[in-house]
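Here's a quick tour of one model, written for someone who likes cut-offs spelled out. Have the coordinates open as you read.

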Amino acid sequence: TAVGFGMDPDLQIDIIAELDLVNTTLGVTQVSGLHNASKAFLFQDTEREIHAAPHVSEKLIQLFQNRSEFTFLATLQQKASTSGVILSIRELEHSYFELESSGLRDEIRYHYRFHGKMRTEVFPYRLADGQWHRIAVSLSASHLLLHVDCNRIYERVIDPPETNLTPESNLWLGQRNRKHGFFKGVIQDVKIIFIPNGYITQCPNLNRTCPTCSDFLSLVQGIMDLQELLAKMTAKLNYAETRLSQLEDCHCEKTCQVNGLIYRDKDSWVEDDHCRNCTCKGGAVECRRMSCPPLECPPDALPVHVDTQCCKVCKAKCIYGGKVLAEGQRVLTKSCRECRNGVLVKVTETCPPLNCSEKDHVLPENQCCSVCRGHNFCAEGHRCGENSECKNWNTKATCECKNGYLSVQGDSAYCE
């Protein structure tokens with residue numbers, strides 16, 4: 001199957017070539033790679049769909065059919081501290097092969113299927129550091145090898161992954177699907193090859209058993225460099241220990257600086273803008289939202305937000321034509337009326353002219369003046385907490401909790 005360091009072209013698939021990526025492909029830009037022997041592309045935008053055409057998926061399915069040995073290879077430069085999927089072969093929500101690099105946890109993750117169930121192998125390694133790396137994941141039945149920059153990083157025995165892909169399977173490069181797992185950085189030399197120990201095609205020197213004279217001289221030089229570095233580090237450590245012994249008699253206290261004010265350790269203050277109680281702890285600011293007591297209003301009142309107050313208060317409600325209005329809400333009768341202290345009060349307010357046709361006029365909820373369809377209600381200062389975001393609808397704006405947060409006491413304006 002292999003002659004020298006060459007490869008039978010029928011036993012490999014060049015992902016970038018098969019996907020026919022060009023400089024005009026949405027979401028990627030051709031750039032200079034680690035070398036100029038192949039194309040390299042910068043993946044940066046999240047508006048992209050880099051996946052295989054049907055004929056490429058068919059070729060991939062045939063190559064995987066009943067094969068227990070294959071290797072995934074890639075050369076990449078991932079943006080520091082980002083997370084994303086390098087390559088994913090999946091059917092709907094199920095991954096047959098997926099390689100993910102997490103810069104948040106400094107992990108490489110391999111997702112696969114075994115007897116219809118998902119499995120994940122986690123390898124602690126920092127790949128997202130803004131530097132160039134060559135990565136190779138080799139599978140031989142239940143034996144997995146992970147090489148990074150031609151170094152064998154991990155070797156494990158795992159559950160043998162399923163390789164009989166379904167006809168609905170597809171290949172994605174630089175993302176998990178249309179919405180998730182977007183990789184940020186440069187990718188080059190992405191291949192899947194179907195021979196034993198396929199990592200040797202990326203690092204042919206790993207196939208040697210004896211070092212050459214040049215290798216030996218390089219090792220000697222490396223040892224000398226390490227000895228020099230060790231001597232320098234020893235001197236620095238001795239200096240640091242001397243300074244540390246001098247500082248042991250000092251009392252140090254970490255402070256916090258917030259908006260130009262300095263707080264001592266364990267000092268507390270109230271942050272009015274976000275209704276939070278904050279404390280300085282060891283130089284770090286810890287804030288918690290003020291906990292509002294449960295509000296039980298009488299039958300003739302409703303809980304509402306009041307300026308300068310963090311918690312809702314009970315205010316008398318109004319009833320007009322069977323419709324219940326809270327404090328500050330309006331209703332359009334023969335004239336505009338507003339609920340104030342349980343009474344509908346006439347409001348003398350001139351509605352501004354609208355720059356749209358009458359058919360596009362929309363009357364917002366609890367208001368008296370119409371607006372144009374598509375009006376930005378959030379721009380009017382709709383109040384949402386720091387962990388929620390404003391969302392426009394046809395006749396009003398609402399607060400929605402950000403991803404990973406839940407509403408407090410059923411109020412999406414405040415989320416934790």
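What follows covers a helix, some strand pairing and a few disulfides.

First, the ground rules: this is a predicted model, where local features need pLDDT of at least 70 and side-chain atom pairs count only at pLDDT 80 or more, while totals for chains, interfaces and linings use all residues. Residues are numbered from 1 along each chain as its sequence is written, and side-chain values use heavy atoms, leaving out hydrogens and water.

Let's start with helix α2, residues 54-64. Helices here are DSSP runs of H or I with at least four residues, strands are E runs of at least two, and both are numbered from the N terminus. The buried residues of α2 are V56, S57, L60, I61, L63 and F64; buried means under 20% relative accessible area, exposed over 50%, and partly exposed in between, using a 1.4 Å probe on protein chains only. Looking down the axis of α2, those buried residues sit within an arc of 165 degrees, so they line one face of the helix. That arc is taken from the directions from the helix axis to the C-beta atoms. The face turned away from the buried side carries the exposed P54, H55 and Q62. Among the elements that the buried residues of α2 pack against are β4 (69-78) and β5 (83-91), with contact meaning heavy atoms within 4.5 Å. Just after α2, N66 has a positive phi of about 60 degrees.

β4 leads on to the sheet pairing. It runs antiparallel to β9 (residues 132-140) over nine bridges, where pairing takes at least two DSSP bridges between two strands. L76 stands opposite H133 in β9. β9 also pairs with β10 (residues 143-148), again antiparallel, over six bridges, and here L139 stands opposite L144. β9 and β10 form a hairpin with two residues between them, and A141 in the turn has a positive phi of about 60 degrees.

Now the cysteines. Counting sulfur pairs within 2.5 Å as disulfides, the model has 10 of them.

| Pair | S to S | Torsion about S-S |
|---|---|---|
| C336 and C368 | 2.0 Å | 80 degrees |
| C356 and C372 | 2.1 Å | about -95 degrees |
| C401 and C415 | 2.0 Å | -80 degrees |

The link of C401 and C415 is left-handed. C401 lies in strand β29 and C415 in strand β31, so the pair ties together parts 14 residues apart in sequence. C401 is partly exposed at 21% relative accessible area, whereas C415 is buried at 5%. The C336 and C368 link is right-handed, and both of its cysteines are buried.
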